[in-house]
Amino acid sequence: WSLVARLGGPREQGLALDLALEAVSHETPEVAELLNVLADAAADDRAPASALQVVPLLDGPTSPIRVAAARLCGCWQISAAQPRLLVIAADPKRPQAERHAAAAALLEIDELSATAELAQLASHHAAVPVRTTAMAAWAAHNPADAKHAAVDLLSTSSNSDDPTLILEAFINHRDGPEILAQALAGQMLPPAVASIGVRLADESGRDLSALVGELIRAGSLPPL
């Protein structure tokens, strides 16, 4: 069925979704795998008629199923899922992967409204885990739009906060490193945050010397 879901059109994808829904109660890894295959194949095909049946899976029995369902809601742009996705993205008790997938899905469904919602979640009024995943999803989707809010968040991180997800969002984006380097100009970062950024940039395998230089300056780190 994975092959059918990958190569078929809306009708075949609908049949694959029906199969996944029938298997949910068994909590098998194949359910999440099939949902992810459907999400990967969604780029070139419109959603099947049964697409709304994905929404209840946002509260499915396992975290991999919930993450895959969020991805699929975004890829199929299921607007009916927006209220539930926003609740998940704002829930600090949810696993990081679920919050991040929900935030990313919101951006896929309606970028304009989601940007405003994620900017609010990334503000200082939200819990740190929520701020981190909201900002990371926003930066991965539109680093130019998120850069100043991201630097503000990174610059106020405490030693217990993990900035990895946010930094990875910029570093893994084609234009993200240059955008982040420009946004860091004249700003300061906690040394621990800057050090993590330097390590991630080095591990990327790309020439990110401009970003590394800004991270070293911003974090007052010793030269490499």
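What follows is a chat in questions and answers.

Modeller: Before we start, this is a predicted model, where local features need pLDDT of at least 70, side-chain atom pairs count only at pLDDT 80 or more, and totals for chains, interfaces and linings use all residues. Residues are numbered from 1 along each chain as its sequence is written, and side-chain values use heavy atoms, with hydrogens and water left out.

Biologist: What does the secondary structure of the chain come to?

Modeller: Helices and strands here are DSSP runs (H or I, at least four residues, for helices; E, at least two, for strands), numbered from the N terminus. From that end on, the elements run α-α-α-α-α-α-α-α-α-α-α-α-α. That comes to zero strands and 13 helices.

Biologist: What percentage of the residues in the chain is buried?

Modeller: Buried means under 20% relative accessible area, exposed over 50%, and partly exposed in between, using a 1.4 Å probe and protein chains only. With 224 residues in the chain, the buried part is 48%.

Biologist: Which residues have the most contacts inside the largest nonpolar core?

Modeller: A nonpolar core is a set of buried Ala, Val, Leu, Ile, Met, Phe, Trp, Tyr and Cys residues joined through side-chain atoms within 4.5 Å. L58 touches, among others, C73, L85 and I88, leaving aside residues up to four places away in sequence; contact means heavy atoms within 4.5 Å. The core has 76 residues, and the ones with the most contacts inside it are L35, L58, W76 and L85.

Biologist: Which helix gives the largest share of the lining of the largest pocket?

Modeller: Picture a 1 Å grid over the protein atoms alone: a pocket is an open set of points with protein on both sides within 12 Å along at least five of seven lines, a cavity is a set where a 1.4 Å probe fits but cannot get out, and lining residues have an atom within 4 Å of a point. The largest pocket has a volume of about 190 Å³, and α4 (63-75), α6 (96-109) and α8 (128-141) each give two or more residues to its lining. Five residues, the largest share, come from α6.

Biologist: Which elements do the buried residues of α8 pack against?

Modeller: In α8, 10 of the 14 residues are buried, including V130, M135 and W138. Those buried residues pack against α5 (82-89), α6, α7 (111-121), α9 (143-155) and α10 (164-171).

Biologist: How many residues does α8 give to the lining of the largest cavity?

Modeller: This cavity has a volume of about 60 Å³, where grid points are joined across faces, edges and corners and a volume is the space filled by probe spheres set on the points. Among its lining residues are V128, R131, T132 and L153. The share from α8 is the largest, at three residues.

Biologist: What covers the buried residues of α12?

Modeller: Helix α12 (residues 191-203) has V193, I196 and L200 among its buried residues. The elements covering them include α9, α10 and α13 (209-218).

Biologist: Which residue just after α12 takes a positive phi?

Modeller: Its phi is about 80°. The residue is G205.

Biologist: How far apart in space are E33 and A68?

Modeller: E33 sits in helix α3 (residues 29-41) and is partly exposed, with a relative accessible area of 45%. In sequence, E33 and A68 are 35 residues apart. In space, C-alpha to C-alpha, E33 and A68 are apart by 7.8 Å.
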